[in-house]
Amino acid sequence: MSYVGMPTPSETPQETMAKIAGTAAKMKVVIVGGGVSGLSAGWWLARSGAQVTVLDKGIVGWEASGRNGGGASHYQSPLFEEEQRMWPHMDELLGYPTEHQQERLVIAISPKQLNQYHYLAKMNNDMGYRVDLLTGDQVRAMVPLAGDNCLGGMHYRFGGHANPQRSVQAYAWALQDLGGRIVQHSPVTGFETEGGKVIAVHATSGRHECDAVVVAAGPQIQALMAKLGVEVPLAAARAEMIVTEPAPMMPIGGVDGNGLYGRQTLRGNLAYGGGPHEWLETFEAGPPARPSSPLTRNLARRVAELFPKAAHLNVIRSWAGIVENTPDGRPIIDRMKDPENVTVVTMSGVGFGLSPASGHAVRDLVVDGQCSFTDVAKLSLSRFDGIGADWREQRGWQPAKAELAA
Amino acid sequence: MHLNNGTDPHAIGTKLPAPEARYDMVVVGAGPSGLAAAIAGAGEGKSVLLVDENPIPGAAMGNDVPLLFGGRMTAATQNAERMLETVFMSEPMLEAAMEAGVEVLLGTSAWGVYRNGPGITGLPENVVALADKDRGWIAGYGELVLATGARDLAIGFPGWNQPGVMGAAALERLLTRYEAFAGKRVLIVGSHDLALSTALLAREKGVDVAGVVEVRNAPQGDAALAEAVRAAQIPFYLDDAPAEAIGGIDGVERVRLRSGAEIAVDTIVLAIGLVPSIELVDAMGGKRVLDGARGGYIPGDNAGVTCVGDCAGLADTGFDHVEYRMEWARELGKLSAPDTIVCQCEEVTRADLLGVQPPRYLERPAPMAARSLDTLIKDGPPNPDQIKRLTRAGMGVCQGRRCRDQVAMMLATAANGPFGTVPLATHRAPVRPLPLRILADWEESEDMRAGWDVWFGIPTQWVPYRDIDTPREREHQQAIAEGWSL
């Protein structure tokens, strides 16, 4: 149950679970935000024996965590090897289906794309993650929906994809099965601090006492942490996806390329996103709406180009999600110095696939003060110390006018 | 010109195209209400576009789009030219509209409405998205008039998921406009005005009407209509309901009623009620309200959008359609088995829906099997879209036309609440299934092509962790960023 193209893990996930059991006994942890990062952290903490309460402004996984492309192949991350170790075991460990599938193909229909994929293949092979280059004919043999326009591609002998909504719900349910509480429709209104620690989290559902807090509230992290005097620079934007009626199942469903991310679901649907995003104002209460746009047409075009043999398939839905980004697009996984029992996690738009590992890292920070399995020092909040108030303007990430977005 | 997204080359900025054409008024739906609105608009000197999705391609009709045709249309519906002619010939006002200067496009569906507002400011202007059999495009509008009518309400029972179970509106369409009904002998389910007039129409068109089944103990519709049905010697089966549709390779052959009566029919016509077609309003994020006397969920007050005809709500005759259909849903639910299909596209059974269980191609370990609607309700008010994603009910190619309303009724019943306890699952564009190649923008701007990226266009995001803050970082960033556009 591991990958051909990845280093062999030194320990099984089951062994890890046995090792952490009881390490956080009686610790009361409040998780702010029931997205995939918060829920995974809550699950890891509950596996460690902590008493976990997850507070969410709405329902679990309702924002970007439950409506993304489902990819799990983020080799750039220090969490990647841990993610790859965990994913094939998640259904069993959680007790609920995630639809996780292994391996991916990325296919090119232009020379420029092919060049880039070859670069990425080499970058991965240099890291010890096996990627095989494919000719157009090899792609056509592996991807029945590909067409004559395909110039080649690459085969990740690692990575994969899962069903976002089902996986988020799996974390939430597994957490409940371990005795954790999930309090939905309960936005956080404030923090009660004493002696450099948060001792309780106030929410519309009441006062929740805690020994430690994890703030994993996506775009809302900024406003929440501001209540604690900590500045977290984040910018939110809208991303869009479309899905078709089912196509015949391909041997590997995790096929993308041509400027798209996405997957064939286990039902056969082709679910793809990509393209220009719209920077938006962030509201403490969460996004007022998640509209899609005529970008649906540009996505349809690219899916039809990627899979010419599926061009006749009906598109049956489109949707959008609001995603937060840090100034450098890299996660923040960091335990604060003051208040010292608060840990912040935002995965900067790449949280779903890495979630089995991000939860482990957060668990380690909360319980042990440091990550046990990888270096996350470059993901600290302090790298943004002294960033100007105008950091968004400097990057050209101007949000839509507030009066229009409100 | 929008400057709302700064200088980020990968932000939406001004990349969304201006509409191909712009009209003072766009009217969707060329029934009597839409035609009247279009002609009135033209009379005021406005430029008016009137679109109607009919005739729709035969393949879409096979998926019960837009009505519940139940596979009972003849091969004549596959002849696109003939279908276009029947639509034109059956509505004399179309010619009047054209003479009044209205641009009329038949076989053209309006699959989305896009407006700047909460969460989106990148549109050059408010647009309605259109598609015909060859291509998709967008049109700008000053006023938008929706006259999308009403559609069939389906409620399942054992055996309903086979050819020969259809809706009253679909039957009316096939009998009148298209003259393409393939059935010979029908049973009508329901006895309010819709059902009674459907029975009379079928009889008038030479169809053998085997009876009218009513769950309550008296006919529900207008007394004169009920009398006319009796006079036509069409029997009523009162305080009764279809317990099972039994059939063969061509679908329904007979129906067994709760009372034990067996009736040989090839078609069962669900005539319990019609549902206002609010798809476009809902998909554009518009307001909707629940009004039982007007057929269920109807459009609320939405600035710049006028709804006319049945899509604005059925005529209020004092009859509570929602209460009536809930009574039917409860009774047909009792007559159903756990494995009775609710969502035909995704083959979701009643037990799967109420158990909030995943589709059959996934495993159900013990913790999963222990979950249900009850456990979900303990976590807070159930969200219909959450249930939809978990069970897949309503996620198929018919876009929930066959099951969205009955799922809401079943969930409300299971939650011991009135209809609306679990609201209707939301609609999303495209509100009609459309092929990728039709929907695609093959004429997109150079701006769109050059600015395209997979994900947010932040090159530092993809640099391998070990190379951050090393000389290799810049090399990676350049190589990654260069490859984004096509």
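Val269(B) touches Met166(B), Ala168(B), Leu171(B), Val186(B), Leu187(B), Ile188(B), Val189(B) and Thr198(B), leaving aside residues up to four places away in sequence. Two residues are in contact if their C-beta atoms, placed from the backbone, lie within 7 Å.

This is a predicted model, in which local features need pLDDT of at least 70, side-chain atom pairs count only at pLDDT 80 or more, and totals for chains, interfaces and linings use all residues. Residues are numbered from 1 along each chain as its sequence is written, while chains are lettered from A and ligands numbered from 1 in the order in which they are written.

Val269(B) also belongs to the largest nonpolar core, which holds 278 residues. Val32(A), Val214(A), Val215(A), Ile188(B), Val269(B) and Leu270(B) touch the most other members. A nonpolar core is a set of buried Ala, Val, Leu, Ile, Met, Phe, Trp, Tyr and Cys residues joined through C-beta atoms within 7 Å. Buried means that 20 or more other C-beta atoms lie within 10 Å of a residue's own, these atoms being placed from the backbone.

Now the whole of chain B. Its 17 helices and 22 strands are DSSP runs numbered from the N terminus: helices (H or I) have at least four residues, strands (E) at least two. The radius of gyration of chain B, taken over C-alpha atoms, is close to the value from the globule rule (2.2 Å times the number of residues to the power 0.38). Chain B is therefore as compact as a globular protein of that length.

| Property of chain B | Value |
|---|---|
| Radius of gyration | 25 Å |
| Span of the C-alpha trace along its principal axes | about 85 × 65 × 40 Å |
| Buried residues | 54% of 486 residues |

Chain B has three domains by an automatic or database assignment. Domain 1 covers 21–150 + 277–312, domain 2 covers 338–421 and domain 3 covers 456–486. The C-alpha centres of domains 1 and 2 of chain B are 31 Å apart. Here 5 residues of domain 1 are in contact with 5 residues of domain 2.

How many residues does each chain give to the contact between chains B and A? Chain B gives 73 and chain A gives 84. Elements with two or more residues on the chain B side include strand E6 (136–146), helix H13 (384–391) and helix H17 (472–482). Strand E22 (434–435) of chain B is also among them. Strand E16 (residues 314–325) of chain A runs antiparallel to E22(B), joined by 2 bridges; DSSP must find at least two bridges for strands to pair. Asn314(A) has Pro435(B) as its bridge partner there.

Notes. Buried ≥ 20, exposed ≤ 12 C-beta atoms within 10 Å, placed from the backbone.
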